[in-house]
Amino acid sequence: MQDMLVRLFELPDGAPLRKAVAEQGITIRRCHPFEAHILEDWVGRHFSTRWVCECRVAMAHQPSGCFVAVKDAAIIGFACIDATAKGFIGPMGVSEAARGCGVGKALMITAFEQMYALGYAYAIIGGAGPVELYKRWVNATPIENRTMGIYEGILPNPQ
């Protein structure tokens, strides 16, 4: 996996994306501090304990640096900013059942819009998984390097 760079001043408009998911009964919003334990539990069950740690960092910002997609009073996706490092987006994820309906893109664009509003001109997608998807959605470009970047030398999870 490689890091990718996104030009925040060239983002697609997020309003139509949020409207499209709202028509499916899905709300994209900032996660409230008093919901942190719910977010952490959900991320731990659907993704990884490492991502739970990054969510804690994003949730510690004021305002929160974590955005959620909510349907029927339940989280179905999330995206964090400034968790791994300043200027990074991620982790991000959508439940398997909610994939393919625009939630991931709406979450990501909303998070990027907030980064731009905070004064960032560029953002980094750290350890980007679906590279082609990010290229298509936000014209992200790979950051070429031969190391794992900030993830180099990461401590292994205990058995």
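Analyst: Ala, Val, Leu, Ile, Met, Phe, Trp, Tyr, Cys and Pro count as nonpolar, Asp, Glu, Lys and Arg as charged, and the others, Gly among them, as polar. On a 1 Å grid over the protein atoms alone, a pocket is an open set of points where a 1.4 Å probe fits, with protein on both sides within 12 Å along at least five of seven lines; lining residues have an atom within 4 Å of a point. By these terms, the lining of the largest pocket divides into 25 nonpolar, 13 polar and 5 charged residues. The model is predicted: local features need pLDDT of at least 70, side-chain atom pairs count only at pLDDT 80 or more, and totals for chains, interfaces and linings use all residues. Residues are numbered from 1 along each chain as its sequence is written, and side-chain values use heavy atoms, with hydrogens and water left out.

User: What volume does the largest pocket have, and which residues lie nearest its centre?

Analyst: A volume is the space filled by probe spheres set on the grid points, which are joined across faces, edges and corners. Here the volume is about 980 Å³. Of the 43 lining residues, Trp51, Pro91, Met92, Gly126 and Gly127 lie nearest the centre. Helices (H or I, at least four residues) and strands (E, at least two) are DSSP runs, numbered from the N terminus. Those that give two or more residues to this lining are β1 (2-7), α3 (49-59), β4 (74-81), β5 (88-94), α4 (103-117), β6 (122-128) and α5 (131-138). The most, 6 residues, come from β5.

User: Which residues of α5 are buried, and which exposed residues does its opposite face carry?

Analyst: The buried ones are Val131, Tyr134, Trp137 and Val138. Seen down the axis of α5, they fall within an arc of 135°, so they line one face of the helix. The face turned away carries the exposed Glu132 and Arg136. Arg136 counts as exposed because its relative accessibility is 61%. The cover over the buried residues of α5 includes β1, β5, α4 and β6. One of these buried residues, Trp137, touches Pro12, Gly104, Lys105 and Met108, not counting residues up to four places away in sequence. Trp137 and Pro12 are 125 residues apart in sequence and 8.2 Å apart in space, C-alpha to C-alpha.

User: Which residues have the most contacts inside the largest nonpolar core?

Analyst: A nonpolar core is a set of buried Ala, Val, Leu, Ile, Met, Phe, Trp, Tyr and Cys residues joined through side-chain atoms within 4.5 Å. The largest one has 32 residues, and Ile89, Phe112 and Ile125 have the most contacts inside it. With 8 residues, α4 gives the most to this core. Another core, of 16 residues, lies apart from it, with Ala36, Leu39, Val52 and Cys80 among them.

Note on methods. Buried means under 20% relative accessible area, exposed over 50%, partly exposed in between (1.4 Å probe, protein chains only). Contact means heavy atoms within 4.5 Å. The arc is that of the directions from the helix axis to the C-beta atoms.
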